[in-house]
Amino acid sequence: MKIAVLGGDGFVGWPTSLHLSDRGHEVHILDNLSRRWIDTELGVQSLTPMDSIQERTRIWKQESGRTIRFHLIDVARDYEVFKAWLAEHRPDAIVHFAEQRAAPYSMKSARHKNYTVSNNVNATHHVLNALVELDLDAHLVHLGTMGVYGYSTVGAAIPEGYLPVGIETMAGETVRQEILYPANPGSIYHMTKCLDQLLFQFYAKNDGLRITDLHQGIVWGTNTDQTSRHVQLINRFDYDGDYGTVLNRFLIQAAIGYPLTVHGTGGQTRAFIHIQDSVRCIELALKSPPQRGERVKVFNQMTETHRVRDLAELVAKMTGAKIAWLPNPRKEAPENDLVVTNDGFLDLGLEPITLAEGLLSEVVDVARKYAYRVDRSRVPAVSAWTKEIAKEVETDP
Ligand code: USQ
């Protein structure tokens, strides 16, 4: 297949591009390099030393003999340029990662809220709009989030996108139908992914677009089979308070002797997936598109759930790290249970990688290797969800 990977320079986009190229697909990365600009804005850098996207693709060609083309395009801002690219290349599939993906960054200030909403919603709408305008029947695979559901289980597992409901009619009969699972976002970032869902629902219904939405959990790990092939193919690794995600943060904190930063009681339960499984799932989704006229296909892209404090205790036991119990900068339930259905990918043959100690220590090893690049002052999470929480977090002793 000819595949356009929008946001192919990012944490999941880059290993996905390599994986798909390795499988023999013609891969084109479209990216505005915004993630690199945000590093500059925040004054942080990936733990791992990343080369330019051009250099990365050059090394990939050298190592694999395969070509990945890079196109500097801002999908959210340059609709006409993006549409012209699609018209010229007419890909068979589009994988859409081109969104601002950090919840804390989206909550930093009014400017960050505006940026996240306009970037994410416009990027998604531009893709859909262009497919219709060009009569292009490419399968769109979008990276969504488990966070669209909220994080609690009311005695039943979270289904894959749709909730069966029975509605009583005025005649007293019960009509059964499936509706999009009620959206319950916990940040501006997560809210944009909820809005994406509505855009997808409309365009699938109105224009027959073929769309798959992947509700992904928290990704952990760093290397995949392809990024490990050469030091210059290395994936990015975020450890800072805005972009670092919880388990990878605990692992790097353990590696540099920094107390593990648990927010609140650590009773938050979340869904997780290893980066290697993440790229495999995207390939599986590409192989199994919905039919034209079918509703949006939704997969829960996660393999296991864990409570934050259990993860901290596991990492502490493994490495001897201390745990710091911190005031929570976020507005979220202090404790929750979470049970999630993920039959879609299991039925397609996914064999999940779970939290084996070997893989956890592999991340600690990577973190130790590059520990000299860490700015310890960027480890704390300081973006508060409300003005009141900001005051509490500031005044806590
Ligand atoms: N947390 C800590 N300590 C930390 C960092 C986080 O206790 O040092 C807690 C947070 O308060 C939260 C949980 O860990 O309760 C998860 O936080 P996170 O930063 O790992 O994950 P989140 O903000 O939800 O976002 C990440 C990705 C996002 C993706 C989402 C999947 O950045 O792109 O959509 O995971 S999910 O969480 O399933 O919605």
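Visitor: Which residue stands opposite His139 in E5?

Guide: In this predicted model, local features need pLDDT of at least 70, side-chain atom pairs count only at pLDDT 80 or more, and totals for chains, interfaces and linings use all residues. Residues are numbered from 1 along each chain as its sequence is written. Strands (E, at least two residues) are DSSP runs numbered from the N terminus, and two of them pair if DSSP finds at least two bridges between them. E4 and strand E5 (residues 139–145) run parallel and are joined by four bridges, and the residue that stands opposite His139 is Ala93.

Visitor: Which residue in E4 does Ala4 stand opposite?

Guide: Strand E1 (residues 2–6) pairs with E4 in the parallel sense, over four bridges. Within E4, the residue opposite Ala4 is Ile94.

Visitor: Are Ala93 and Val95 of strand E4 buried or exposed?

Guide: In a regular strand the side chains alternate between the two faces of the sheet. A residue counts as buried if 20 or more other C-beta atoms, placed from the backbone, lie within 10 Å of its own, as exposed if 12 or fewer do, and as partly exposed in between. In strand E4 (residues 93–96) both faces are covered, with Ile94 and His96 on one side and, on the other, Ala93 and Val95, all of them buried.
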